[in-house]
Amino acid sequence: MSESSTTTVVERADADRRYVILVDGRRAGLTAYRDLGAQRVFFHTEIAEAFAGQGLGAHLVQQALADVRASGLRIVPVCPYVAKFLKRHTEFADITDPVTPDVLRWLEAQLG
């Protein structure tokens, strides 16, 4: 089997409030969120070291943001990776809200 035949899937795990990216069934990374009304606040993204440098972070975030749009929600990019992704992918600008002090205080309370 060649490496190009790997299966990459992004799934939303509602119970864990995160999107996960699976490569051949193995979890390669995640982007975590909390929902504040109609806003999905992304606060952490990580890709396992074994999967680094393969563009999986961008694929994960792209799919997660597409799901946010399909769900009728808005994006709040607290996570630096998501914020950087949004700067390069302006197609999500219409559903992106700024990170405000109120959102940061709320998120801090959510995460304890």
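Q: Across which strands does helix 3 lie, and at about what angle does it run to strand 3?
A: In this predicted model, helix 3 covers residues 101-111 and lies across strand 3, strand 4 and strand 5. Taken against strand 3, the direction of helix 3 makes an angle of about 120°.

Q: In what order do the five strands form the open sheet, and which are the edge strands?
A: The five strands form an open sheet with mixed pairing, in the order 1-2-3-4-5. From one strand to the next the twist averages 30°. An edge strand pairs on one side only, and this holds for strand 1 (8-13) and strand 5 (74-77).

Q: What angle does the direction of helix 1 make with that of strand 4?
A: Helix 1 packs on the sheet and touches strand 1, strand 2, strand 3, strand 4 and strand 5. With the direction of strand 4, that of helix 1 makes about 165°.

Q: In strand 5, which residue is the bridge partner of glutamine 39?
A: Glutamine 39 belongs to strand 4, which spans residues 39-47. Strand 4 pairs with strand 5 in the parallel sense, over four bridges. The bridge partner of glutamine 39 in strand 5 is arginine 74.

Q: Does glutamine 39 count as buried or exposed?
A: A residue is called buried when its relative accessible area is under 20%. Glutamine 39 has 18% relative accessibility, and therefore it counts as buried.

Q: With which side chain does the side chain of glutamine 39 make a polar contact?
A: Leaving aside neighbours within four places in sequence, glutamine 39 is in contact with Arg34, Arg74, Val76, Asp97 and Val103. A polar contact at 2.8 Å joins the side chain of glutamine 39 to the side chain of aspartate 97.

Q: Which element gives the largest share of the largest nonpolar core?
A: The largest nonpolar core has 21 residues, of which Tyr19, Phe42, Leu65, Ile75, Val82 and Phe92 touch the most other members. Two or more residues of this core come from each of strand 2 (18-23), strand 3 (26-36), helix 1 (56-70) and helix 2 (80-88). The largest share, six residues, comes from helix 1.

Q: Which residues does phenylalanine 92 touch, not counting residues up to four places away in sequence?
A: Phenylalanine 92 is one of the residues that touch the most other members of the largest nonpolar core. Not counting residues up to four places away in sequence, phenylalanine 92 touches Gln62, Leu65, Ala66, Arg69, Ile75, Phe85 and Leu86.

How values were computed
Residues are numbered from 1 along each chain as its sequence is written. This is a predicted model: local features need pLDDT of at least 70, side-chain atom pairs count only at pLDDT 80 or more; totals for chains, interfaces and linings use all residues. Side-chain values use heavy atoms; hydrogens and water are left out. Buried means under 20% relative accessible area, exposed over 50%, partly exposed in between (1.4 Å probe, protein chains only). A polar contact is a pair of N or O atoms within 3.5 Å; within protein, one must be able to donate a hydrogen and the other to accept it, and residues adjacent in sequence count only if both atoms are side-chain atoms. Contact means heavy atoms within 4.5 Å. A nonpolar core is a set of buried Ala, Val, Leu, Ile, Met, Phe, Trp, Tyr and Cys residues joined through side-chain atoms within 4.5 Å. Two strands pair if DSSP finds at least two bridges between them. Axes are lines fitted to C-alpha atoms, for helices over the stretch in contact, and angles run from 0 to 180 degrees between N-to-C directions.
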